[in-house]
Amino acid sequence: MSSMTIGGSQLDASWFLILGAILFTIGAAGVLVRRNPLVILICIELMLNAVNLTLIVFSRQLENIEGQLFALMSMTVAAAEAVVGLAILVDIFHVRDVEDIDELSELKG
Amino acid sequence: MSTSQLALAVLLLPAAGAILLAGRGWRLPRIVTQIVGPGVVWASFAGTLALFFSNASGDFTYWTWIKSGSLEVPFNLLVDNLSIFMCLVITGVGGLIVTYSVGYMEHEDGPSYARFFTYMDVFIFSMLLLVLAGNLVFLIVGWAMVGLSSYLLIGFWYQRRSAVLAARKAFVMNVIGDVGMILGAFVLFVTYHAITYAGVFKGIAGPSCPPPSLLVTCFRPIPTDSGPLELAAFLLLVGAVAKSAQLPLHTWLPDAMEGPTPVSALIHAATMVTAGVYLIGRMHPIYDLASYAHGAVAIIGAATALFAATIAIVQTDIKRVLAYSTMSQIGYMFLAVGIGAYSAGFFHLLAHAFFKALLFMAAGNVIHAMHDEQDMRKFGGLFRQLPRTSWSFLIGSLALVGVIPLVGFFSKEQILGAALSKPDDTLALAVWVVGAVTALITGFYTGRMWWMAFGGKPSPERAVEHPHEARLVMLVPVVILAALSVVGGFIQMRALGIGPSAVSDFLASAVGPVRWEEGGGVVMVGLVTMVLAALLFLAAYRVYVVRSWKAWSANVPWAQRLLERKYYFDEIYAAVFVRPMDAIAGFGMRDIEEPILDGAVVGTGHAAVVGASSLSLTQSGYFRNYVLVFVGGAIVAAVLVLIRSGS
């Protein structure tokens, strides 16, 4: 039950989960260590898609369609998030060039 | 105009003047203040004269002020011969003094000038309310309001710290008396279920008496329940003692001399301080029955008379000498009403109003001429340079000593004669001895004051070489009072057994007739006393001007010190009351208020500030920090979930 048939070949589900975990970790590490705001946004997308992958894998494995629906929802939210995030960035770039996210620290306490 | 309207007009005219001056006075030209200030008092005097000549009397109720259960407080004015007598003194002498102030206060700037006359008119109104009130509530209202005006006027020069402290002292002392008055009124109300004089006295007289025609009650020989009566009498006496600066609540009066001199003349000599005498006289149905309280009145009066006179011997401030002299003379009045010689006490009140207001205003002229110097040691030799003031002062001094035929002789002799000849009363005899000794001391200290200020050669310390005589507006009232001091005695020559006795006849309907006649030899004793007093007045010349006689104090330095420190009353009060209170208040401030109450409030705010500022350190503004915390939190949450699902 831990394997799935994809395109005629049998693959163990844990591979997909490992891939999702790797993608998520890359994304999280990217958010943490990269300075460029655009790259950070891309890393967030990576994390979201890693989660989507995990959702779909479990959906297939447990034969429960809700997981796939949730992935669709998540993609919608991700699109909205990308729009808002990019809009903010574009606005900031209108004012000044930001190469390092640490330059945006005016709201510190 | 009916009598009731006239009485109301007499009362309200000074109030109207005060309101006008308080509202607009400082914006109107100075002449308006000069006319309105004394004018309303004179108008009131005219109204009082109309009441006097129409033989008016009655108890007029205008409206009910408070009605609550069995308590009904009307606003009623009692017009009888005693209140008319007091109104004549207040508005007559008061009018002269307020007129005098027009000149005395002229150096004040506009607002202060109007303020002074506002306060003076408020005082006259309050004093009239005190003596015209027909019930205990309005008596107390007037009683407190004269205390307030006294406070305002003592502290008139509020830039001076000493004046403000003196005003505060007077107010505190007077409030002690007010508390006594209020408690006394409570006792009377609880006992007799009435708050008007008429109701209370009817309750005291009992149902067997005919309804009192005004306030002369019939006398019950043996009171059945004198306990509450004695209590009420003693409590009212506390009020009288505080207001009239008698022992032991007298310490405020000498300090009250910080006020302007017309204030000293009006409030602290002629009128307000005699309110205690009025109170005892007004309440005479109570004191006639409350024999212990009545005796206490006489004892306090005699003790104060002697006590204050001895202090006056060593004072060097001319106004303070007069202040102690005032205490001493009011002691005489207390002595008189305390032994039941009411009309003698009131005659001395009238006489004292004449000559003491005269002395104060003449002293004010001297102080003006000396550029606000009050120390008699720095006067000397003023007789030639200020002849009119000096003559007036001399007449006042001799009246105070009791030189025949000035008014002081007749009034003082009547008191002492009444005390000496009261039948079967050892207390009266004892107070006579004290009173006679005081009369002698009065002669000496008055002589000292006169010779030091006016006699001899100018003191080397005198600042003003050629003093100027006062203006006419300040001289005329002084001269009028001097004339009254000369002729005033002839309206009441009972002391000599001849001539009229206008004052005691006039007051007989209010305080009762003279209860006993003086014996024949008593007049001789009085004459001898007064002659001795006059000789002591002259003796002071040899002690203080010629200095051929050694000053008495050289032999007894300790006595001089005792007197100069005023028997250490201020020091004792400071040690017994003021400093413990200060200590308690300081303890509360230092050890309760500041660390505990204030500490809690301030601590709460401080904790909020410290907490917020330390929490704000987490808001670094760096995106990666937030993400790190977020990811870290997610990891911790994930680990916790794993641990839980694993167990």
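## Model and numbering

This is a predicted model, in which local features need pLDDT of at least 70, side-chain atom pairs count only at pLDDT 80 or more, and totals for chains, interfaces and linings use all residues. Residues are numbered from 1 along each chain as its sequence is written, and chains are lettered from A and ligands numbered from 1 in the order in which they are written.

## Contact between the chains

Chain A places 11 residues in contact with 11 residues of chain B; contact means C-beta atoms, placed from the backbone, within 7 Å. On the chain A side, six residues are nonpolar, two polar and three charged.

## Helix α2 of chain A

Helix α2(A) covers residues 37–62; helices are DSSP runs (H or I, at least four residues), numbered from the N terminus. Its 26 residues reach 38 Å from first to last C-alpha, close to the expected 38 Å (1.5 Å times one less than the number of residues).

Its buried residues include Ile40(A), Met47(A) and Leu55(A) (20 or more other C-beta atoms within 10 Å; exposed is 12 or fewer). The buried residues of α2(A) pack against α1 and α3 of chain A. Glu63(A), which follows α2(A), has a positive phi, near 50°.

## Arg161(B)

Arg161(B) lies in helix α6 of chain B. Arg161(B) counts as exposed because it has 9 C-beta neighbours inside 10 Å.

Definitions and conventions. Contact = placed C-beta atoms within 7 Å. Nonpolar A, V, L, I, M, F, W, Y, C, P; charged D, E, K, R; others polar. Helix = DSSP H or I, 4+ residues; strand = E, 2+ residues; numbered from the N terminus.
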